[in-house]
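Welcome! Take a moment to look over the sequence and the structure, and then we can walk through a few of the details together.

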Amino acid sequence: MKHKHIAVAGSAVGLALLVAGCASVPDAAELDAQALAMIKSSFRAEGIATMDRLEQDLGQKACSSEAAPSEAVARQIETEALASIKWPANGQYVGDWREGEKLAQNGRGMTWTDKVALPTANGANCYNCHQIGKQEVSFGTIGPSLYNYGKLRGVKAIDDPASAAIVQYTWGKLWNSKAYSACSNMPRFGHMALLNEEQLRHVMALLLDPKSPVNQ
Amino acid sequence: MADPMRIRAQAAGDKATVRVLMAHEMESGQRKDSAGKNIPAWYISEVTASLNGKVVMTAEWGPSVSKNPFLEFAIKGAKAGDKVAISWIDNKGDKRSDEVAVS
Amino acid sequence: MKNAKPQALAAAVLSLAMGTALAQKTAADGIAEYRALLADGNPAELFEAKGEDLWKTKRGPKNASLQACDLGKGPGIVKGAFVELPRWFADVQKVQDLESRLLTCMSQLQGLDAALIAKTPFGKDEQRNMEALVAWISAESRGLRMNLPQAHAQEQQSFELGRRAFFFRGGPMDFSCASCHGEDGKRIRLQDLPNLTKNPGDGVGFAAWPAYRVSSGELWSMQRRLNDCFRQQRFPYPGYGSDITIALAVYMGVNAKGAESIAPAIKR
Amino acid sequence: MNANRRQLLSHSATVAGLLLASGVLGKSAWAAGAAAGKGAFEARSLADVVKALGYGAPVESKDVTITAPDIAENGAVVPLGASSTAAGVKQMMLLVEKNPSVLAALFNVTPEVESSFKARVKMGQSSNVFAVVVTEDNKVLFAQKEVKVTLGGCGG
C-alpha cells in the first residue's frame, strides 16, 4: 500500500534528519498516541455534540484503521453486540411502513446544529446508503440494495412462523449492526438510542411488510 | 455597494455570446431565519443590456431566480471591440452597472 | 466524473434491461447532464475577482496588502502555491494549509486579529474575505497537479497523523472519514464519494476544493468542507485551522499527488 | 416596503420608456402588476401569468424550445434555457409551475438579440418548467418539460 511505502520512506528520511540533528518521524506507537492527543485537542463541544463522542468503545477503537481487527477481537465485538440487543418487549416487531418510509428518507439528527439528541428528533438515514423503495431514484450505495428485502427472503406474512428468523435478524441488525459484522459501516440505531422501538418497528415494516412498496 | 459583475462577451460568426454572473443574494422571501422570523425578499428585479450605448434587451426578474444569477444571451452583429454594458437594479433600489469589450 | 460519459448515457438509453440498473443509470446520467449545464457559469468567478482585489488592497491596522505574503514559494508568489499546500513553514515552525497560512499573513502583515477571524462563523464578516482569497489563490493554480512536499519530517508526521485521523471511528453513528470515503464507486444519495485513501483522479476530491456550493450559494474552503463533514459525522466541532484539519488535508493532498486541480469547482 | 415598491415602479417606467424608444413595447410584468394590483410575478399558473400580462391563452408550440435537466441535483440552482424559431418575438419567459412565484424571468427581446436566453432558477420541488414566447402579433407560444428535484447529500 502506498502509505506504508511512504511511512517507510518517511522513517528513512527521519533517521537521516536525526543524524543531522533535526526532528524525526516518531514510531507507529508514538504516532498513535499523538493522533489521539491531536484529535482531543482539535475539537470542542458544540450544542448536543459533546466531547464524550470522541471516547471510543471497543468496536470503534478496533475498527479505526485500514487493517481489520484480529479474529478474536472481532468475535468479542460481535458477541457483546448480540448480547446488547433489546428485543421488542411485547413481541411486536412491525409497525407502519408509511412511517418507515418517512424515517428512511430523513437524514437529520444528532449533529451540532440539531437541538436535542432524542430519537424523536432523528431520521433513520436509510436512503443515504441504501436503495429501498423503487420510486426513490436518489439513493446511496454504501450499503446493499434493500429493494424487495422481504420478498427476496420469502416473507409472505409478518406473523408467519417461517419468517421468524429473518424478522428477528432484521431487528437485531437495526438495533446493533455490529452483532453480525464487527466493523459494519451501519450505525447501531437501537443500541446508541438513535431510534426508539416504535421507530424501529416502522422501519421494519418498510423492509418486511408484504404490503410495503419495497416488496412489490 | 454591490460587488462587480463578471461579464464575458465573445464574438463568433455574426453574433457575440454574452455570459454574465451577478453577485446577489436573491433572497426569495420564503425563508425564515434561525429565530423563525421571515427573511424579507431581496432580489434583482430588472436587468438592462446595451451594445455601444444602445439598449438591446431588458429583463424583469422575480424572486425565483437563483442566488448569484447567471444569464446568457447573444447580440446580433456585435464585433470584437464593441462595448457591452449590463446593469441591474434590485427591489431595494440597489444597483450596479459594468461594461466589457467584446473579445 | 466517471458517470458523465456520453457512452454511459447511450448505453442506458439503448439498454432495455429491466428494473433498478436502468433507473440507476438514468438518474446518474440526469445528474451528469445537470452538472454539465452548470459548469459553463461558475459563480466562484465572482469570488475570484473579489479575492484578487483583496490580495492587493491595503487593509488592517498596518494598512498593508497581502502582496508580501509567502504562501510557500516565496513572498508574493501565488501561482502554483495552492497545489503544494499544506506544507512546512519555517517562520512559524508549523505545517499550515492555505487558510491557516493566510491567517498568519493577515496577522503579521496587516495586523488583523487571527484568533478573532478563526472564531468568526463561516460566511460572516472577515470569513467572507477569506472565502474570496482562497477562491482566487486556488484559481491561480487551476490546471496544475497536486504536488505536496513531503521532504520535511513534520510534513511526513502530519501525513501519518492525518491517516490515523481519517480512520478514527467515533460519535453516536460510528462514522470515520473512511466510512464514506474509503472505497471506490460509492455514493450518498446521488452524490459520488471520492475514495480519498488514494488519488481519486483529476479534479475529484481534494483537487476540487475550494468550491462554490450551489446549495448555500457560498464559496466553501477546505476548512469549511471538513467542518461540515465532521458535523455530518456527528462529531464535536473542529477548530478552524486545528491540527486535525491540517493533518487530514496533508493526508488527502499527498494521496492526490498528480491530480489536476480544478479549484474552485462548482458543487451541489 | 412601500418606498421599495415605488422605486421599483418608477424604474419600471424607465425601462418601459427605453423600450418604447427602441421601438419595442412588450407588457411589463411589474408594471402590469401595478396596474392590475396583482402582477404577473404574483400569478399562480402559466395561464394566470399570461392573463396578468394582458395576453390571450397560451398554445404549446414546436417553435419554442426549453432546455432543462431531467434531474436537478439541487433545487437551489436549476439551469433553464428558452429559445424560439418563431418570427417577431417580443418577449420570452421562464416559468416554474410549482414555485410560489411561478414567473421566474421575463426578457424583452429586440431585433438586436437572438431569441435565446439561459438563466438559473430555484425550484422548491419537482415541477413542470415552461419557456414562453410572445410574438409581435400577441400570440403566446410555449414549451414545457418536467424537472425532478432530488434530495441530495446527507440530508442533515
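This is a predicted model: local features need pLDDT of at least 70, side-chain atom pairs count only at pLDDT 80 or more; totals for chains, interfaces and linings use all residues.

To find Asn125(A), look in the loop between α5 (97–105) and α6 (126–129) of chain A.

Met26(B) sits in the loop between β2 (15–21) and β3 (44–51) of chain B. With a relative accessible area of 2%, Met26(B) is buried.

## Cis peptide bonds in chain C

Leu85(C) and Pro86(C) are joined by a cis peptide bond, with omega about 0°. Pro86(C) belongs to the loop between α3 (44–56) and β1 (87–89) of chain C.

Trp209(C) and Pro210(C) are also linked by a cis peptide bond, here with omega about 5°. The loop between β4 (191–193) and β5 (211–213) of chain C holds Pro210(C).

## Where chains D and C meet

Here 19 residues of chain D are in contact with 21 residues of chain C. The two chains bury about 1800 Å² between them, 57% of it on carbon and sulfur atoms. On the chain D side, Ile71(D), Glu73(D) and Arg120(D) lose the most area to chain C, together 34% of what that side buries.

Glu73(D) also forms a salt bridge with Arg35(C), at 2.5 Å from N to O; the count between these chains is one salt bridge. Eight residue pairs are in polar contact across this interface. The side of chain D that touches chain C has 10 nonpolar, five polar and four charged residues.

Definitions and conventions: Residues are numbered from 1 along each chain as its sequence is written. Chains are lettered from A and ligands numbered from 1 in the order in which they are written. Side-chain values use heavy atoms; hydrogens and water are left out. Contact means heavy atoms within 4.5 Å. Buried area is the accessible area (1.4 Å probe) that two parts lose on being put together, summed over both. A salt bridge is a side-chain nitrogen of Lys or Arg within 4 Å of a carboxyl oxygen of Asp or Glu. A polar contact is a pair of N or O atoms within 3.5 Å; within protein, one must be able to donate a hydrogen and the other to accept it, and residues adjacent in sequence count only if both atoms are side-chain atoms. Ala, Val, Leu, Ile, Met, Phe, Trp, Tyr, Cys and Pro count as nonpolar, Asp, Glu, Lys and Arg as charged, and the others, Gly among them, as polar. Helices (H or I, at least four residues) and strands (E, at least two) are DSSP runs, numbered from the N terminus. Buried means under 20% relative accessible area, exposed over 50%, partly exposed in between (1.4 Å probe, protein chains only).
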